[in-house]
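Hello,

I am handing over the structure below. My notes on what was found in it follow.

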Amino acid sequence: MASTRADLIAELLWELKRASKLATYTVLARKAGFSPGTNGRTMESCLKVVRRDWPHLHWWRAVKDAGPIEQEQEKLLRDAGYDLAPHPETKKLCVVSIESHCMVWDAPAAAQ
């Protein structure tokens, strides 16, 4: 049985898949109403559940806040048309111009 947090992240990943967009761990977690956890650990736990229970969802569209991608994400991101390049300081692969590829959700309307 999936966790409530994983359910919420699965819904957001479905939106990302339909929009062909990416999102950072923090943006996804906050949109789902929780903290991404220290070094994104809560998000990583949610993504493990998503990968197990909903393999058709594009879990790889969730990227770490600092930008480095996981080795498993490299082929999937390239196949989806994203350019990757080593970060100038860390030399870890990152999505080029990630900001332009991230989903922007509308802010909720202010209470009147």
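Helix 3 gives the most to the lining of the largest pocket, with 4 residues. Helices are DSSP runs of H or I with at least four residues, strands are runs of E with at least two, and both are numbered from the N terminus. A pocket is an open set of points on a 1 Å grid over the protein atoms alone, where a 1.4 Å probe fits, with protein on both sides within 12 Å along at least five of seven lines; lining residues have an atom within 4 Å of a point.

This is a predicted model, in which local features need pLDDT of at least 70 and side-chain atom pairs count only at pLDDT 80 or more, while totals for chains, interfaces and linings use all residues. Residues are numbered from 1 along each chain as its sequence is written, and side-chain values use heavy atoms, with hydrogens and water left out.

The lining of the largest pocket includes Tyr 25, Trp 59, Ala 62 and Gln 73. Helix 3 and helix 4 (71-79) are the elements that give two or more residues to this lining.

Gln 73 is in helix 4. A polar atom of its side chain lies 2.9 Å from the backbone oxygen of Trp 60. Leaving aside neighbours within four places in sequence, Gln 73 is in contact (heavy atoms within 4.5 Å) with Trp 59, Trp 60, Ala 62 and Val 63.

Regards

Key:
Polar contact = N/O pair within 3.5 Å; in protein donor to acceptor, adjacent residues only side chain to side chain.
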